[in-house]
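Please look through the sequence and the three-dimensional view together before reading on. The report that follows takes up a few groups of residues in turn.

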Amino acid sequence: MTLGYTLFKMKKIALIVAFLIFSSANSIAQIIFERGYFIDDSGTRVEALIRNVDWRSNPDRFEYKLAEGGEVRQADIKSVKEFRVYGASRYVRAKVRIDRSSDRLDLLSDVRNPVFEDEVLFLRVLVEGDATLYMYVDVPLIRFFYRVHDSEISQLVYKRYSTSDNQIGRNNFFMQQIINDLKCDNISPDRVRRIHYTRRSLEQKFIKYNRCMDPDFVVQRFGSWRNLFNLTLQPGLSYNNLTIEHQRRNILNPHEGSMFSYRFGVQAEFIVPYYRNSWSILFEPGYQQYRVGNTVSETSSPNVYSISRIDYQSIEFPFGIRYYIFLNDASKLFVNVLLVLDYSIRLDVSYTNGRSGNYSDFVNNLAFGSGFRYRER
């Protein structure tokens with residue numbers, strides 16, 4: 001007996017269709033420009049429509065238009081002091097000393113101290129106040145910078161290195177920098193030594209310091225990594241195809257049939273915090289049932305029997321990717337490609353003359369879908 005449950009029988013065709021749709025979606029996303037501004041070398045502020053690709057690595061240039069339908073122009077770090085996409089991100093130009101030592105285990109330096117080089121970079125503003133926190137990313141490199149009052153922008157130093165006995169050492173000098181420069185009653189050295197060299201951990205400490213210095217401090221959001229995880233219930237109908245083939249001659253006719261059945265599950269979605277939150281990773285475990293009776297008329301022969309009832313229950317483990325196409329601030333389309341692992345927890349087949357059998361199977365399939373979301377619903 002074999003069990004076949006498919007959403008698409010032609011996996012290659014589904015993959016080709018998915019590729020074409022994702023390519024089209026990507027082309028649409030590439031022409032989206034959003035409101036923002038930039039400040040040139042003369043100090044002039046120019047309101048513009050900036051192409052927002054939600055840069056994974058800090059850019060050194062960007063494209064913009066002065067009006068809808070206008071000419072697409074390009075500006076770079078040589079002529080721009082600062083630029084911002086409203087509601088997304090803000091970058092400022094700075095000449096800094098940066099340590100680019102690798103953090104890969106096979107490329108760790110055996111030198112504990114950072115090796116600085118002078119560079120002119122666009123730094124992303126994370127927290128702005130009496131103490132300002134910046135971030136620089138050049139995948140996989142991540143470095144944080146800071147400035148207190150009107151001081152120069154300096155790197156917060158964190159470096160992993162290889163010790164003489166082939167262990168991994170850590171230079172956590174950034175903790176001492178925070179202790180020295182972010183002095184406040186509610187920031188104790190013991191708590192500082194428990195923070196991590198991550199965006200969230202450092203943001204919290206800088207916000208805490210700014211509120212300590214100014215009780216009326218208001219956090220400005222230049223884009224956030226929050227709300228990156230969605231968990232939703234997924235009740236609905238499932239269209240199933242079940243095929244049972246027999247090799248024994250005394251069983252009448254194989255069974256093959258399609259029908260709708262109910263399905264219940266949950267969807268866990270992690271939104272990738274880059275590329276304007278256009279991509280996400282999905283996991284949709286769910287339960288479904290396929291039940292049918294009197295599939296073949298009975299026979300009077302005692303040696304020949306037929307299927308009288310099928311009860312099939314399974315748990316699906318679909319996982320894959322989703323791509324969003326933003327129509328406006330409230331509406332967006334999405335397309336999914338999922339690999340479905342379908343495990344049958346019950347396949348009970350009853351036959352005439354009182355015979356029955358219980359079987360199980362594990363089937364892999366490819367699923368493809370699309371949908372519309374309005375105001376996150």
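Which residue lies over the face of Tyr 37? In this model, which is predicted, Arg 45 takes that place, at 3.8 Å from the centre of the ring.

**Around Tyr 64**

Tyr 64 belongs to strand E3, which covers residues 61–65, and with a relative accessibility of 10% Tyr 64 counts as buried, because the cut-off for buried is under 20%. Although Tyr 64 and Tyr 37 are 27 residues apart in sequence, their C-alpha atoms are 9.2 Å apart in space. Leaving aside residues up to four places away in sequence, Tyr 64 touches a set of residues that includes Phe 33, Phe 38, Leu 49, Ile 50 and Arg 73.

**Aromatic pairs**

In general, a pair of aromatic rings is described by how far apart the centres are and by the angle between the planes. A search of the whole structure finds 16 aromatic pairs, and two of them are set out in the table below.

| Pair | Distance of centres | Angle of planes | Kind |
|---|---|---|---|
| Phe 174 and Tyr 197 | 5.2 Å | 65 degrees | edge-to-face |
| Tyr 324 and Phe 334 | 5.9 Å | 65 degrees | edge-to-face |

Phe 174 lies in helix H2 while Tyr 197 lies in the loop between H3 and H4, so this pair ties together parts that are 23 residues apart in sequence. Both Phe 174 and Tyr 197 are buried. The pair of Tyr 324 and Phe 334 has one ring in strand E18 and the other in strand E19 (residues 331–351), so it ties together parts that are 10 residues apart in sequence. Tyr 324 is buried, with a relative accessible area of 1%, and Phe 334 also counts as buried, at 13% relative accessibility.

Phe 174 is one of the buried residues of H2, and the others are Met 175, Gln 177, Ile 178 and Ile 179. What do the buried residues of H2 pack against? They pack against strand E9 (141–148), strand E10 (154–156), H3 and H4.

A disulfide is, in general, a covalent bond between the sulfur atoms of two cysteines. The search of the whole structure finds one disulfide, which joins Cys 184 to Cys 212 with an S to S distance of 1.4 Å. The pair links distant parts of the chain, since Cys 184 is in the loop between helix H2 (173–181) and helix H3 (189–192), whereas Cys 212 is in helix H4 (residues 199–213), and the two are 28 residues apart. The torsion about the S-S bond of Cys 184 and Cys 212 is about 65 degrees, and therefore the disulfide is right-handed. Cys 184 counts as buried at 13% relative accessibility, whereas Cys 212 is partly exposed, with a relative accessible area of 30%.

Is Arg 322, which has a relative accessibility of 3%, buried or exposed? Arg 322 counts as buried, because 3% falls under the cut-off of 20%. Arg 322 lies in strand E18, and its side chain makes a polar contact of 3.3 Å with the side chain of Tyr 324, as well as a polar contact of 2.7 Å with the side chain of Asn 336. Among the residues that Arg 322 touches, not counting those up to four places away in sequence, are Glu 269, Trp 279, Glu 284, Phe 334, Asn 336 and Arg 373.

Glu 316 also lies in strand E18, which runs over residues 307–326, and Glu 316 is buried, with a relative accessible area of 4%. Where Glu 316 and Gln 288 are concerned, 28 residues separate them in sequence, while their C-alpha atoms are 7.8 Å apart in space. The side chains of Glu 316 and Gln 288 make a polar contact of 3.5 Å.

Conventions
Residues are numbered from 1 along each chain as its sequence is written. This is a predicted model: local features need pLDDT of at least 70, side-chain atom pairs count only at pLDDT 80 or more; totals for chains, interfaces and linings use all residues. Side-chain values use heavy atoms; hydrogens and water are left out. Helices (H or I, at least four residues) and strands (E, at least two) are DSSP runs, numbered from the N terminus. Buried means under 20% relative accessible area, exposed over 50%, partly exposed in between (1.4 Å probe, protein chains only). A polar contact is a pair of N or O atoms within 3.5 Å; within protein, one must be able to donate a hydrogen and the other to accept it, and residues adjacent in sequence count only if both atoms are side-chain atoms. Contact means heavy atoms within 4.5 Å. A disulfide is a pair of cysteine sulfur atoms within 2.5 Å. Rings of Phe, Tyr and Trp (its six-membered ring) pair if their centres lie within 6.5 Å; planes under 30 degrees apart count as stacked, over 60 as edge-to-face and the rest as tilted. A charge sits over a ring if NZ of Lys or CZ of Arg is within 6 Å of the ring centre and within 35 degrees of the ring normal.
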